[in-house]
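Please have the sequence and the structure open while reading.

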Amino acid sequence: MAVPPPEGRGIDRLVAIMAQLRNPDGGCPWDIEQSFATIAPYTIEEAYEVADAIEKGDLASLKDELGDLLFQVVFHGRMAEEQGAFGFDDIAAHCADKMVRRHPHVFGAVDSVKSAADQTQAWEAMKAAERAAKAERGSPQGALDGVTPGLPALTRAVKIQARAARVGFDWKTAPPILDKIEEEIGELRVELEAGAPADRLEDELGDLLFAVANLARRLDLDAEGALRRATGKFERRFRRMEALLAAGNEQMQGQELDALDRLWNTVKAEERKSAAD
């Protein structure tokens, strides 16, 4: 039998709706069947959709996507509550306590920090102290502890490199990293020319990507964002090529690579002229 939707504040309504969706008596069969593992991919997807709305400057979509991401947190909280582990209020309270603890210059007796850079340094120091406290209750702490394996590979590479840099394992300038990139390109070229198997090529390609990520970190650039923008630029230019071909009653498939390369350069020239105007 259908039940009326709950009323009240937005967050209270959302928590109550989630409870009803998971209710074996009249809930949604799909929601009832889910677990932390099956929901995790959706949680990651929603986080990326939030980032996409931000990059596009679309505030209407951002509100919608943030709601979807919040629903994921409520979903996980409800499943944990069913197991007697914790609930949504516990998640919020734990997060609030952590934010207060990590901002003593706002909520405590510590003097105000002078800049965002100072706060970042203090934040990292507090996180390191928290990891050390956890280590006392378990295994010894390592410099790379706490970097989740579930991160996108490029993001995780940068975080791992930053952790290593904190203990001095780092180049201080960009040129040596460029040298390393050239070295990795050379090693990949050798394997290609030798007809190496796929696993060897993948290994060398991984080293090259890792070095490029390290360069982004050293230059204080967002590697993930840079790759997203480069992919978006490629997509935009490729679609323009398709449009130009379609205007001449042609299509991409069947064109000679040299002709496509010339068309690509035409599109690039269009963009440069448009930017100049």
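## Start of α11

The model is predicted. Aspartate 222 caps the N-terminal end of α11. One of its side-chain oxygens lies 3.2 Å from the backbone nitrogen of glutamate 224.

Helix α11 covers residues 223-247, 25 residues in total. From first C-alpha to last, α11 reaches 36 Å. That is close to the 36 Å expected at 1.5 Å a residue.

Six positions need a look here. Ala223, Glu224 and Gly225 are buried, as are Arg237, Met241 and Leu245. The buried residues of α11 pack against α3 (36-56), α8 (153-166), α10 (198-218) and α12 (257-276). Just after α11, asparagine 249 takes a positive phi of about 60°.

## The partner helix α3

α3 has 21 residues. Its first and last C-alpha atoms are 30 Å apart, close to the 30 Å expected at 1.5 Å a residue.

Buried in α3 are Ile39, Glu46, Val50 and Ala53. Seen down the axis of α3, these buried residues fall within an arc of 65°, so they line one face of the helix. An α-helix has 3.6 residues a turn, so residues three or four places apart point the same way. Ala37 and Lys56 are exposed, on the other side of α3.

## Contacts and end of α3

The buried residues of α3 pack against α2 (29-33) and α4 (59-82). Just after α3, glycine 57 takes a positive phi of about 65°.

Definitions and conventions
Residues numbered from 1 in each chain as written. Predicted model: local features only at pLDDT ≥ 70, side-chain atom pairs only at ≥ 80, totals over all residues. Heavy atoms only, no water. Helix = DSSP H or I, 4+ residues; strand = E, 2+ residues; numbered from the N terminus. Expected span 1.5 Å × (residues − 1). Buried < 20%, exposed > 50% of the residue type's maximum accessible area, 1.4 Å probe, protein only. Contact = heavy atoms within 4.5 Å. Polar contact = N/O pair within 3.5 Å; in protein donor to acceptor, adjacent residues only side chain to side chain. Arc of directions from axis to C-beta.
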